[in-house]
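Dear colleague,

I am passing on the structure below, together with some notes on what turned up in it. Please read the notes with the coordinates open beside you.

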Amino acid sequence: MLRRVLVAGYGAVAYVFFLVTFLYTIGFLARVAVPKDVDDGPTGPVWLALLVDTALLTLFAVQHSVMARPWFKRWWTRWVAPSIERSTYVLAASLAVAALLWLWRPLPATVWSVPDGWLRWVVWAGQLLGWGLVLLSTFQIGHFDLFGLRQVFARFRSRQYAEPRFAQPLLYRLVRHPLMVGFLIAFWVTPDMSVGRLYFAVVASAYIVVAVRFEEHDLARQLGDDYRRYQREVPRFVPRVPGTAGRRRAVPVEPR
Ligand SMILES: C[S@@+](CC[C@H](N)C(=O)[O-])C[C@H]1O[C@@H](n2cnc3c(N)ncnc32)[C@H](O)[C@@H]1O
């Protein structure tokens, strides 16, 4: 019983830590309601800021991509119980984000700034829409599975955990990566773009473009022709314009 309580507690702590870093990231990029944002921090030579920021972004990218690979999961679940595998991944990812938020070095020179007025509010709304899309997408494919909570609570209740099926809810019929589209919108749609924030947006976007290829490679291996058909039917990031020749309905995909 104690072990099951500890597992559930560990999952809950990992989830809360994720929520805190996620909300902080929104404030960090928006420069709202956080003590240290993307344009704050120790100043110094540009080369040092670029070096530190690149190292922080690389740490996140390597952690996120390596730990998500099936071969890595097979390897480390020899030591880490499968019920806390996802929570540990979430904890590691949140630690990498926390390090980035804490140690990020600013390059505050302005690239663009939208003057006060209605357009500025429209741009803010666009950024909020991006974050909303991120959150909504997680719920479409199983928010509590993605962040490890269902796994630890299945263990707590001594139930067998079943991975969610490969789903094609609304957003996933429009594009294959709505969650990443949400991030791209949140990173780029901003009324105030500094050099440091632009560097963050460029590197993070490049990482997203590479990371989804790894994810698709794994999904194609798991689901075979069904996934390859889904790739043909549904665009990666940009929805098709209704009425264009390429528009077709997505086909059902077998469960994972
Ligand atoms: C962080 S989520 C990102 C999902 C997707 N790349 C996106 O941007 O919306 C990554 C996890 O989602 C899973 N996944 C991707 N597409 C899915 C779908 N249509 N249904 C269920 N799970 C999916 C992947 O297997 C992976 O474990």
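How do the residues of the shell around the ligand divide into nonpolar, polar and charged? In this predicted model, where residues are numbered from 1 along each chain as its sequence is written, local features need pLDDT of at least 70 and side-chain atom pairs count only at pLDDT 80 or more, while totals for chains, interfaces and linings use all residues. Side-chain values use heavy atoms, with hydrogens and water left out.

The shell divides into nine nonpolar, one polar and three charged residues, where Ala, Val, Leu, Ile, Met, Phe, Trp, Tyr, Cys and Pro count as nonpolar, Asp, Glu, Lys and Arg as charged, and the others, Gly among them, as polar. Of the 13 residues around the ligand, A167, Y172, H177, L179 and E215 come nearest, a residue being near if one of its heavy atoms lies within 4 Å.

The protein covers 87% of the 570 Å² of accessible area (Shrake-Rupley method, 1.4 Å probe) that the ligand has on its own.

Helix α9 (178-188) gives the largest share of the shell, three residues; helices here are DSSP runs of H or I with at least four residues.

Finally, V202, found in helix α10, counts as partly exposed because its relative accessibility is 42%, which falls between buried (under 20%) and exposed (over 50%).

Best regards

Terms used
Helix = DSSP H or I, 4+ residues; strand = E, 2+ residues; numbered from the N terminus. Buried < 20%, exposed > 50% of the residue type's maximum accessible area, 1.4 Å probe, protein only.
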